[in-house]
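Have a look at the structure first, and then we can start with a charged pair.

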Amino acid sequence: MTAPTLRKTLDDLANRGQQAVLWWRDDDAVQPTPDLDRLLATSARWQVPVTLAVIPEPTGPALAERLAHSPAANVAVHGWNHRNHAPAGEKKQELGSHRPQVQVLAELAAGLARLHALHGAHLVPVLVPPWNRIAPALLPALARCGFQALSVFGPARPGPIPAINTHVDLMDWHGTRGGRATDDLLAELAKAIAASVQVATGPEPLGILSHHLVHDARAWHFLDVLFDLTRDHPGCRWVGLPDLLPPSDRALIP
Ligand SMILES: [Zn+2]
């Protein structure tokens with residue numbers, strides 16, 4: 001049996017008066033580049049907000065100045081310096097249990113403060129762990145560091161801090177290291193949307209994950225196909241990460 005297409009899935013939702021909630025995260029920004037310009041132009045053309053997970057330690061004012069003119073872009077905290085501290089043979093982790101917690105948390109707090117100083121109101125106090133991995137023991141301390149939510153990859157699990165996750169990754173990291181096939185991505189999204197609206201508490205927001213610095217033509221093309229299909233479809237709506245924060249926690253960082 002063929003899986004329902006994304007369009008069919010959205011048509012069905014619209015007919016039932018339901019709406020999937022979609023958001024867009026792009027990782028690893030440090031400075032302005034032609035690829036970043038292309039990403040921001042895509043966001044502006046389709047009027048779809050994008051959250052850039054920015055690496056705090058190596059970034060600086062040039063990125064902040066570039067984003068100051070991009071109202072649809074906001075910034076989340078992508079670890080501290082995106083360095084791997086796991087030994088060879090283990091999956092890469094910056095925020096694992098390989099170093100003292102106090103050291104890791106101090107870096108995360110410094111990253112949040114640095115990006116807040118650079119980006120002001122464009123900063124959303126959400127932690128995006130490099131490689132989407134973080135030691136569970138760190139989670140209870142994130143709120144004390146000033147974070148209001150965590151964003152990794154995969155279905156959100158209940159935990160000590162709200163998770164606003166991504167679910168569909170454009171890139172084929174273990175194969176071509178280029179963009180995945182458009183049909184595969186659309187089918188995966190259709191399946192995730194159908195599951196997301198079954199949640200009793202309302203649709204779980206679905207995150208699209210991109211990495212503008214390594215996109216090939218296929219990855220860029222997918223974004224245009226996706227936004228063309230979804231931007232004006234009544235069966236879904238695109239929101240920004242700030243819209244997904246828990247309502248009582250929207251106060252700015254002190
Ligand atoms: Zn990254």
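Asp 224 counts as partly exposed, at 27% relative accessibility. In these terms buried means under 20% relative accessible area, exposed over 50%, and partly exposed in between (1.4 Å probe, protein chains only). Asp 224 forms a salt bridge with Arg 45, and their closest N and O atoms are 2.9 Å apart. This pair links distant parts of the chain, with Arg 45 in helix H2 and Asp 224 in helix H7, 179 residues apart. A salt bridge here is a side-chain nitrogen of Lys or Arg within 4 Å of a carboxyl oxygen of Asp or Glu, while helices (H or I, at least four residues) and strands (E, at least two) are DSSP runs numbered from the N terminus.

Please keep in mind that this is a predicted model: local features need pLDDT of at least 70, side-chain atom pairs count only at pLDDT 80 or more, and totals for chains, interfaces and linings use all residues. Residues are numbered from 1 along each chain as its sequence is written, and side-chain values use heavy atoms, with hydrogens and water left out.

A search of the whole structure finds seven salt bridges; the table lists some of them.

| Pair | N to O distance |
|---|---|
| Arg 66 and Asp 37 | 2.8 Å |
| Arg 45 and Asp 224 | 2.9 Å |
| Arg 180 and Glu 188 | 2.6 Å |

Now to the zinc ion. Its protein donors are Asp 28 (OD), His 78 (NE2) and His 82 (NE2), lying 2.1 Å from it. Donors are N, O and S atoms within 2.8 Å of the metal (3.2 Å for Na, K and Ca); water is not among the atoms, so sites may look incomplete. Asp 28 lies in strand S1 (residues 20-29) and His 78 in the loop between strand S3 (73-77) and helix H4 (101-119), so the pair ties together parts that are 50 residues apart in sequence. Both Asp 28 and His 78 are buried.

How many residues of strand S2 (residues 50-54) are buried? Five of its five are, with Val 50, Leu 52 and Val 54 on one side and Thr 51 and Ala 53 on the other. S2 runs parallel to S1, joined by four bridges, and pairs with S3 in the parallel sense over five bridges. Two strands pair if DSSP finds at least two bridges between them.

Finally, helix H7 (residues 217-230) has 14 residues. Its buried residues include Trp 220, Phe 222 and Phe 227.

Terms used. Expected span 1.5 Å × (residues − 1).
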